Amino acid sequence: MTVIYERVALIGLGLIAGSMALAMRRGGLAGEMGAVTGQIAPHLARGATVTDVGSVKKDVIATVGPLLPDHVAFVPGHPLAGTEHSGPRSGFAELFENRYLILTPPEGTDPEATLKLRALWEAFGALVEEMDADHHDLVLAVTSHAPHLIAYTMVGVADDLRRVTDSEVIRYSAAGFRDFTRIAASDPTMWRDVFLSNKEATLEILGRFTEELFALQRAIRQGDGDHLFDYFTRTRAIRRGIIEAGQDTDAPDFGRGARRKGEAAE
């Protein structure tokens, strides 16, 4: 594999950066890697590219962009990959394979810098697309941010419902609740910052969610089985689309058992 960058600095070695480091080492995609602390802007080489892996793009562009010198390129990115685990020891080189990576280069970004960064992510096995930052944040509010908040809420409801004991919640959890707990086990500091950074888009989607929830409550209260059946049929098609796109599996455990076995073998 051809070296794409001679030197790479990874700031904040968590799951994503740890997996990037392993993927670069596996493929020989970078000459040197290291952790950098403090203020990096005065030390960036001419022609360097700065990117990030956060799930909110509009805020990071507004915050980071003005602090960078004119002689570097800023190409924000967001890998749609991860697990409920955090920290560099949770990383693995295959994390990005067949997973989407969205680049949101601001207007005026050097196209060569974007192409070079795209090449790196594609070498990781990612499916790379470009998107406007505002649209990215709205899409992620639908597909990630609001679902995480709903998961946190449902697990919190179970914890607060004193007529159901903690031991019953743990012992008798059905598949749906188990998936909620998996999501709700994500890093609380990161998700606090995500919701505060993507406030407008998340609140918009939560407003729509509340309207839909009220409609379903009304259908249940009124015994409107036709409405429930039609709604569930429509939403079921989204799940089929995700499987057909290769972004999950129709296995009963969503393929997680096979992945755990693979990790244990390593």
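Mentor: Rings of Phe, Tyr and Trp (its six-membered ring) pair if their centres lie within 6.5 Å; planes under 30 degrees apart count as stacked, over 60 as edge-to-face and the rest as tilted. F96, W121 and F124 form one aromatic cluster. This is a predicted model, where local features need pLDDT of at least 70, side-chain atom pairs count only at pLDDT 80 or more, and totals for chains, interfaces and linings use all residues. Residues are numbered from 1 along each chain as its sequence is written, and side-chain values use heavy atoms, with hydrogens and water left out.

Trainee: How many aromatic pairs does the structure hold?

Mentor: Five.

Trainee: What makes the pair of F96 and W121 edge-to-face?

Mentor: The ring centres are 5.1 Å apart and the planes stand at 85 degrees, so the pair is edge-to-face.

Trainee: Which parts does the pair of F96 and W121 tie together?

Mentor: F96 lies in the loop between strand 5 (77-79) and strand 6 (100-103), and W121 in helix 3 (residues 111-123), so the pair links parts 25 residues apart in sequence. Helices (H or I, at least four residues) and strands (E, at least two) are DSSP runs, numbered from the N terminus.

Trainee: Why does F96 count as buried?

Mentor: Buried means under 20% relative accessible area, exposed over 50%, partly exposed in between (1.4 Å probe, protein chains only). F96 has 1% relative accessibility, so F96 is buried. W121 also has a relative accessible area of 1%, so W121 is buried.

Trainee: Why is the pair of W191 and F195 called tilted?

Mentor: The centres of W191 and F195 lie 5.7 Å apart, with 40 degrees between the planes. W191 and F195 are four residues apart in helix 7 (residues 188-197), about one helical turn. Both W191 and F195 are buried.

Trainee: How do you know that R234 lies over the face of Y231?

Mentor: A charge sits over a ring if NZ of Lys or CZ of Arg is within 6 Å of the ring centre and within 35 degrees of the ring normal. R234 is at 5.0 Å from the ring centre of Y231 and lies over its face.

Trainee: What makes strand 5 and strand 7 edge strands?

Mentor: Two strands pair if DSSP finds at least two bridges between them. The open sheet of three strands has the order 5-6-7, with mixed pairing. Strand 5 and strand 7 (127-130) each pair on one side only.

Trainee: How many bridges join strand 6 to strand 7?

Mentor: Four, and the two strands run parallel. L103 has E130 in strand 7 as its bridge partner.
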